[in-house]
Amino acid sequence: MRVTELTVIKNLIENINKTRERLNETQLKIATGKNINTVSDDPYVANSVMNLRSMINRNERFQKKYK
């Protein structure tokens with residue numbers, strides 16, 4: 001099977017774009033100091049974080065109510 005020059009170029013461009021995406025994601029994590037910036041980064045962990053925040057808020061309201 002013959003690999004054309006166009007196929008090689010398309011593969012090269014695709015690999016460059018994937019590398020650029022990974023670089024952008026890494027730079028965002030470094031800039032924000034967060035591993036998860038959107039829910040789609042890790043839905044399971046994001047859900048856990050939201051549940052924990054909700055529990056903390058309920059506990060804080062409870063403590064204020066009974067002080």
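Colleague: Which residue forms a salt bridge with Glu 14, and how far apart are the closest N and O atoms?

Modeller: Please keep in mind that this is a predicted model. To read a salt bridge, one looks at a side-chain nitrogen of Lys or Arg and a carboxyl oxygen of Asp or Glu, which must lie within 4 Å. Here the partner of Glu 14 is Lys 18, and their closest N and O atoms are 3.2 Å apart. The structure holds one salt bridge.

Colleague: Where do Lys 18 and Glu 14 lie?

Modeller: Both belong to helix α1, which covers residues 5–32. Four residues separate Lys 18 from Glu 14, and this is about one turn of the helix.

Colleague: How does one describe a pair of aromatic rings?

Modeller: One gives the distance of the centres and the angle of the planes. The structure holds one aromatic pair. This pair is formed by Phe 62 and Tyr 66, with 4.7 Å from centre to centre and 50 degrees between the planes.

Colleague: Why is the pair of Phe 62 and Tyr 66 called tilted?

Modeller: Planes under 30 degrees apart count as stacked and those over 60 as edge-to-face, while the rest are tilted. The 50 degrees between the planes of Phe 62 and Tyr 66 therefore make the pair tilted. As for accessibility, Phe 62 is exposed at 52%, and Tyr 66 is exposed at 56%.

Colleague: How many helices and strands does the chain have?

Modeller: The chain has two helices and zero strands. Its radius of gyration is 22 Å, whereas the globule rule gives 11 Å for 67 residues, so the chain is more spread out than a compact globule. Along the principal axes, the C-alpha atoms fill a box of roughly 75 × 25 × 10 Å.

Colleague: How may one follow this through single residues?

Modeller: Glu 5 is exposed, at 64% relative accessible area. Lys 34 is found in the loop between α1 and α2 (43–65) and is partly exposed at 48%. The C-alpha atoms of Lys 34 and Leu 23, eleven residues apart along the chain, are 15 Å from each other.

Colleague: What percentage of the residues of the chain count as buried?

Modeller: Of the 67 residues, 1% count as buried. Ala 46, in helix α2, counts as buried because its relative accessibility is 8%, and buried means under 20%. Ala 46 and Ile 13 are 33 residues apart in sequence, and their C-alpha atoms are 32 Å apart.

Colleague: What can be said about the accessible surface of the chain and its charges?

Modeller: The accessible surface comes to about 6,700 Å², and 56% of this area belongs to carbon and sulfur atoms. The chain carries 13 positive and 7 negative charges, whose mean positions are 11 Å apart.

Note on methods
Residues are numbered from 1 along each chain as its sequence is written. This is a predicted model: local features need pLDDT of at least 70, side-chain atom pairs count only at pLDDT 80 or more; totals for chains, interfaces and linings use all residues. Side-chain values use heavy atoms; hydrogens and water are left out. Rings of Phe, Tyr and Trp (its six-membered ring) pair if their centres lie within 6.5 Å; planes under 30 degrees apart count as stacked, over 60 as edge-to-face and the rest as tilted. Buried means under 20% relative accessible area, exposed over 50%, partly exposed in between (1.4 Å probe, protein chains only). The radius of gyration is taken over C-alpha atoms; the globule rule is 2.2 Å times the number of residues to the power 0.38. Accessible areas come from the Shrake-Rupley method with a 1.4 Å probe; for residues, only the protein chains shown count as cover. Lys and Arg count as positive and Asp and Glu as negative; His and the chain ends are not counted. The place of a charge is taken as NZ of Lys, CZ of Arg, CG of Asp or CD of Glu.
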